[in-house]
Amino acid sequence: MAQVEIYTQWGCPYCVRAKALLDSKGVQYTEYDVTMDSKKRAEMVDRKPDARTVPQIFIDGVAYGGSDDIHALDRAGKLDAALGIR
């Protein structure tokens, strides 16, 4: 299975939605809460320079965007392959 990382913020409904999708697929992920962590927020922006919102989702080090992006990928039938789910 792929390594999944997600940058989140407290109270973010899109973060909740993205994590729910990953949870529904049985995916383990590392969550970085950037609410009060300016170093993690800076790390997120270093990894994806145009990232200004959360969540930001990385699969095997590749930036996939936010909640709407991974939901669109799932609707297109491509998320499972990216996650390494057969």
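This is a predicted model: local features need pLDDT of at least 70, side-chain atom pairs count only at pLDDT 80 or more; totals for chains, interfaces and linings use all residues.

I traced an open sheet of four strands in the order β2-β1-β3-β4, with mixed pairing. Strands pair here if DSSP finds at least two bridges between them. Neighbouring strands are turned by 25° against each other on average, direction ignored.

Residues are numbered from 1 along each chain as its sequence is written, and side-chain values use heavy atoms, with hydrogens and water left out.

**Helices on the sheet**

I checked α1 next: it packs on the sheet, touching β1, β2 and β3 (56–59), and its direction makes about 160° with that of β1. Helix α2 (residues 38–47) also packs on the sheet and touches β1, β2 and β3, with its direction at about 125° to that of β1. Contact means heavy atoms within 4.5 Å; axes are lines fitted to C-alpha atoms, for helices over the stretch in contact, with angles from 0 to 180 degrees between N-to-C directions.

**β1 and β2**

I looked up how β1 pairs with strand β2 (residues 30–33): in the parallel sense, over four bridges. Between them the chain goes through helix α1 (residues 13–24), a right-handed β-α-β crossover (clockwise from first strand over helix to second, with the strands pointing away from the viewer).

**Thr 8**

I found Thr 8 in strand β1 (residues 4–8), and its bridge partner in β2 is Asp 33. Buried or exposed, I wondered about Thr 8? Thr 8 is buried, at 2% relative accessible area (buried is under 20%, exposed over 50%, partly exposed in between; 1.4 Å probe, protein chains only). Its side chain makes a polar contact with that of Glu 31 at 2.7 Å. A polar contact is an N or O pair within 3.5 Å; within protein, one must be able to donate a hydrogen and the other to accept it, and residues adjacent in sequence count only if both atoms are side-chain atoms.

**Glu 5**

I then went to Glu 5, also in β1. Glu 5 counts as buried at 8% relative accessibility, and its side chain makes a polar contact with the side chain of Tyr 32 (2.9 Å).

Definitions and conventions. Helices (H or I, at least four residues) and strands (E, at least two) are DSSP runs, numbered from the N terminus.
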